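Here's a quick briefing on one strand and the core around it. Have the viewer open while you read.

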Amino acid sequence: MQDENTSAIPAVSTDTSELPPIDEGHLTGLPQNSAALLVRQGPQENQRFVLSGEEIILGRSDDSHIVLDDVTVSRSHAKISREDSTWQIEDLKSLNGTYLNQNRVEKASLNAGDELQIGKYRFSFLLPKA
């Protein structure tokens, strides 16, 4: 029998109709060669995390670059990395998985407007305007 701290979360909802459109203000001020994650649902809703550098770790651990305070998030849950102008998400063998556009992924490329889900957090991936 699994306890509630180790059980997997249910399948990700495919209904994104409840999410409002992204406010253009969230795109303002993003430096070139950066990206951002906008919290669309969950704790810290409407917070924007600017991604810069080659590698960003998301997880429950205080050592993570982006700390996600949720018991369904692994200590080191996922990694976002940049190679030239391409961004990728990689699941770091988390218990509950990393979802990109409602599909569980091990590693995938990110595009502007993509939706990520990690635990109770739903993010939109943002790129600076050209």
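Is E11 mostly covered or mostly exposed, and how many of its residues are buried? Mostly covered: 6 of its 6 residues are buried. Keep in mind that this is a predicted model.

**E11 and its two faces**
- Tyr121, Phe123 and Phe125 point one way from E11, while Arg122, Ser124 and Leu126 point the other way.
- Both sets are buried.
- As background, side chains in a regular strand alternate between the two faces of the sheet.

**Who E11 pairs with**
- E1 and E11 run antiparallel and are joined by 5 bridges.
- E10 and E11 make a hairpin with 2 residues between them. Gly119 in that turn has a positive phi of about 60°.

**The core**
- The largest nonpolar core has 23 residues, and Leu37, Leu51, Ile80 and Phe123 have the most contacts inside it.
- Strands giving two or more residues to this core include E1 (35–41), E10 (115–118) and E11 (121–126).
- In general, nonpolar side chains in soluble globular proteins tend to be buried together.

**Phe123 up close**
- Leaving aside neighbours within four places in sequence, Phe123 is in contact with Leu37, Leu38, Val39 and Arg40, among others.
- Its contacts also include Phe49, Leu68, Asp114, Glu115, Leu116 and Ile118.

Notes. Residues are numbered from 1 along each chain as its sequence is written. This is a predicted model: local features need pLDDT of at least 70, side-chain atom pairs count only at pLDDT 80 or more; totals for chains, interfaces and linings use all residues. Side-chain values use heavy atoms; hydrogens and water are left out. A nonpolar core is a set of buried Ala, Val, Leu, Ile, Met, Phe, Trp, Tyr and Cys residues joined through side-chain atoms within 4.5 Å. Buried means under 20% relative accessible area, exposed over 50%, partly exposed in between (1.4 Å probe, protein chains only). Helices (H or I, at least four residues) and strands (E, at least two) are DSSP runs, numbered from the N terminus. Contact means heavy atoms within 4.5 Å. Two strands pair if DSSP finds at least two bridges between them.
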